[in-house]
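Student: I have a model open and want to learn how to read its features. Can we go through them one by one?

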Amino acid sequence: MDQLATVDRFSALPWEILDDILGRLPVTDVMRTSILSKKWRDKWVDLSKLVFDDSSGATVFKDEDKFVKFVYHVLLSHRGQISKFMISAKSIPDKYYLDDWILFLSRNDIMDLILESKEFGPHDIYGLPSCLFSCQKLKHLYLTDCDVVLPPRTNGFPNLVSLELMRFWADDNVLEHLIRSCPNLERLALSWFVMEFGRLKICAPKLKSLYLEGEFYVYLENSPHLTDGSFRMNLKILLDEEMQIAAFVQMACDRLKVLELYDVEFYEMDEMRAIIYILNSSSNLKELRISVSTPVRKNVYDFLKAQFRSTCCFNQLRFVRINVYAEVEVEEIEEQRSDLEFIKLLLARSPILKKMYVNLTDPEGYDQWFMGKLLSFQRASKQLILKFSFSAS
C-alpha cells in the first residue's frame, strides 16, 4: 500500500501531455516545480507555451526592469520550439525589448502571440517590428496599444486564423490590406482604434466571427461564412449619412448575437426606429445592452406603443441590460415614458428571456414608482430574473 502511495503517476505522463498541462500555467509557477526533484529541475526550459501573466502575483511583475530581465532569462535558457508566447500585464515593456523578443520568436515557429496591456488609459504606442511578419506559421495574434505599420511587399499571415487588435492605431488602407492578406482568417476582433478616416472595408472570405467596438464605419465585403457578430458602439455609427440603417448592419443582422449600444437618445425617432429594425431583423440576437443618454419624448412613446400591434418577436433574446435616466422634461407625461415602453415591449415579446438588468441613473424619488411599473408589465418568459439597481451620473 505504501509503495502504491509513492508512485509518481504525474511525472510518468508523456511529455506532450505534461507540456500541454504546464503550458496553461504562468511560467513563474512552472519554474517552481524545479524543486520537486532532479527529474523536474529543467522541465520548464522545454515548455512550448510561455505565459507571463501578472495575475499569478509573482514579485517579478512589480518592477519592469526585473520583469524584462526575467523574460530574457527564460528565452535564453529555452530549448526547442515555442508555439505560444503570451505577456498579460499591467503594461507592456518598452518597444526596444519587444523587438528583441519578437525577433527571437520569429525563428521558433511561433503560432500564438499575445501581448496584452491590462491597464486602460494613455499608453506608449509601439510600432510592430517588421520581423513579426516573418512569422508565417502564426495562427493567433492578439495585440494591444500598437501602431500597425506593414513593411514593404509583405505577404501577411497566410495561416492566421484569429486576429484581435485592441486600442491601436492604423491607416485605413494598411488595416484593410492586413485583413486581405490573411486568407484563412476566421475570427476578427477590433476594439477602440484610431484610423485616418474612420472607415474600414473588411474582406475576409472565411470569416466566421466578427467583434467590433468603438466609433468607426465598416463595410463588409465577401464574408459569406460570417455566423457570429458582436457589435459594441454608438448607435449613430450604425446609421448612414441619411440616418438610415448602414448597409453593413443590414448584411450582418441575421448573424448578430451580441449588441451593445451606448449614448442612445430615446427622443430621436430615427434612432428608435433603427433599434426596432435591428431587433426585428436580428433573428439570432441573444444579448442586448443599451445605455440611454437623454430624457425621453412622447412621440417616441407613441411609436413604441404601435409596435404592440405588430408581429415583432425576439425569439432568441436571453439577456438584456439597459441603463436609463430618471429625469423627464417638464412638458412630458410620466406615464408616457419611451424607455419604459421599450422595456415593456422587450418583456412582452421575448419568450426565452432569462435575465434583465435595469439600472436607473439619478433616481431622485423615482425608484419606487419605476419598480412598480416594471412589476406591472406582462412577461412572455416564465423563467425571467429581473434585477433593478440605481446609480449616480
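Student: What should I know before I start?

Tutor: This is a predicted model, so local features need pLDDT of at least 70, side-chain atom pairs count only at pLDDT 80 or more, and totals for chains, interfaces and linings use all residues. Residues are numbered from 1 along each chain as its sequence is written, and side-chain values use heavy atoms, with hydrogens and water left out.

Student: What is the mean pLDDT of the chain?

Tutor: pLDDT is the predictor's confidence in each residue, from 0 to 100. Where it is low, the predicted coordinates should not be read in detail. Here the chain mean is 83, and 85% of the residues reach 70 or more.

Student: Which elements have the lowest and the highest mean pLDDT?

Tutor: Elements are DSSP runs numbered from the N terminus: helices (H or I, at least four residues) and strands (E, at least two). Helix α1 (residues 2-5) has the lowest mean, 50. Strand β5 (residues 140-144) has the highest, 96.

Student: Which residues line the largest cavity?

Tutor: The lining is L279, S282, S283, N284, L285, F314, N315, Q316 and L317. For classes, Ala, Val, Leu, Ile, Met, Phe, Trp, Tyr, Cys and Pro count as nonpolar, Asp, Glu, Lys and Arg as charged, and the others, Gly among them, as polar. That lining has 4 nonpolar, 5 polar and no charged residues.

Student: What lines the second largest pocket?

Tutor: This pocket holds about 160 Å³ of space. Its lining is D54, F61, K62, D63, E64, F67, A89, K90, S91 and P93. By class, that is 4 nonpolar, 1 polar and 5 charged residues.

Student: How many disulfides does a search find?

Tutor: A disulfide is a covalent bond between the sulfur atoms of two cysteines. The test is a pair of cysteine sulfur atoms within 2.5 Å. The search of the whole structure finds 0. C313 is in no disulfide; its nearest cysteine sulfur, that of C312, is 7.5 Å away.

Student: How many aromatic pairs does the structure hold?

Tutor: Rings of Phe, Tyr and Trp (its six-membered ring) pair if their centres lie within 6.5 Å. Planes under 30 degrees apart count as stacked, over 60 as edge-to-face and the rest as tilted. The structure holds 13 pairs. Y96 and Y97 have ring centres 5.5 Å apart and planes at 80°, so they are edge-to-face. Y96 is exposed at 57%, and Y97 is partly exposed at 25%. W369 and F370 are also edge-to-face, with centres 6.3 Å apart and planes at 75°. W369 is partly exposed at 23%, whereas F370 is buried at 0%.

Student: Which residues form one aromatic cluster?

Tutor: F52, F67, F70 and F85 do. F67 also lines the second largest pocket.

Student: What is the phi of D109?

Tutor: Most residues other than glycine have a negative phi. D109 is not a glycine, yet has a positive phi of about 55°. D109 sits in the loop between α5 (95-106) and β3 (112-117). N222, also not a glycine, has a positive phi of about 60°. N222 is in the loop between β12 (217-221) and β13 (228-234).

Student: How far apart in space are E186 and H225?

Tutor: They are 8.8 Å apart, C-alpha to C-alpha, and 39 residues apart in sequence. E186 lies in the loop between α6 (172-180) and β9 (187-191).

How values were computed:
On a 1 Å grid over the protein atoms alone, a cavity is a set of points where a 1.4 Å probe fits but cannot get out, and a pocket is an open set with protein on both sides within 12 Å along at least five of seven lines; lining residues have an atom within 4 Å of a point. Grid points are joined across faces, edges and corners, and a volume is the space filled by probe spheres set on the points. Buried means under 20% relative accessible area, exposed over 50%, partly exposed in between (1.4 Å probe, protein chains only).
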